[in-house]
Amino acid sequence: EEKVKKELHKSLSDLQKQQETSANRQLKMEREVHQQELADLRSELQNVKIKHEQNVQELMKLLKEEKDDAEAQIRMLKMELVEEKNIVKTQCRQLEKIKIECDKLTEELTQNEEENRKLRRKCEFVKQELEKK
């Protein structure tokens, strides 16, 4: 019995060692798989970060281009506005000159009409005088 008991203890001990070794191997394999998965995830995260940074840089570049284009367009519109204002000023001065000229011509016309009336009356008077004679 003692011998059988020792053999059973030895078998049990061997089985326990074997099971422990097997469990250790299994844990080691699982640990390696998890570490590889972790490394893959870290690599993927790094790639995502790089891609995100590239996207941000691209957006910043596009925004800068749009801003530069908008500023250039604003400058051009301001220049056009200045030109338009100058044209308006010139046209206002021309209009004022035309108004003054028109007023002068109106005055001259009024004077000429007055002179014509006087001359007609005089002519009428002379005509009457001739008819009397």
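Helices are DSSP runs of H or I with at least four residues, numbered from the N terminus. The model is predicted, with local features requiring pLDDT of at least 70 and side-chain atom pairs counted only at pLDDT 80 or more, whereas totals for chains, interfaces and linings use all residues. Residues are numbered from 1 along each chain as its sequence is written, and side-chain values use heavy atoms, with hydrogens and water left out.

The structure contains 2 salt bridges, each defined by a side-chain nitrogen of Lys or Arg within 4 Å of a carboxyl oxygen of Asp or Glu. K64 pairs with D68, their closest N and O atoms lying 3.0 Å apart; because these residues are 4 positions apart in helix α1, about one helical turn separates K64 and D68. K64 is exposed at 51% relative accessibility, while D68 is partly exposed at 33% (buried, under 20%; exposed, over 50%; partly exposed, in between; 1.4 Å probe, protein chains only). In the other bridge, R117 and E114 approach to 2.8 Å between the closest N and O atoms, and these residues, 3 apart in helix α1, are likewise separated by about one helical turn. R117 is partly exposed at 40%, as is E114 at 31%.

C102 is partly exposed, with a relative accessible area of 42%.

Note on methods
Helix = DSSP H or I, 4+ residues; strand = E, 2+ residues; numbered from the N terminus.
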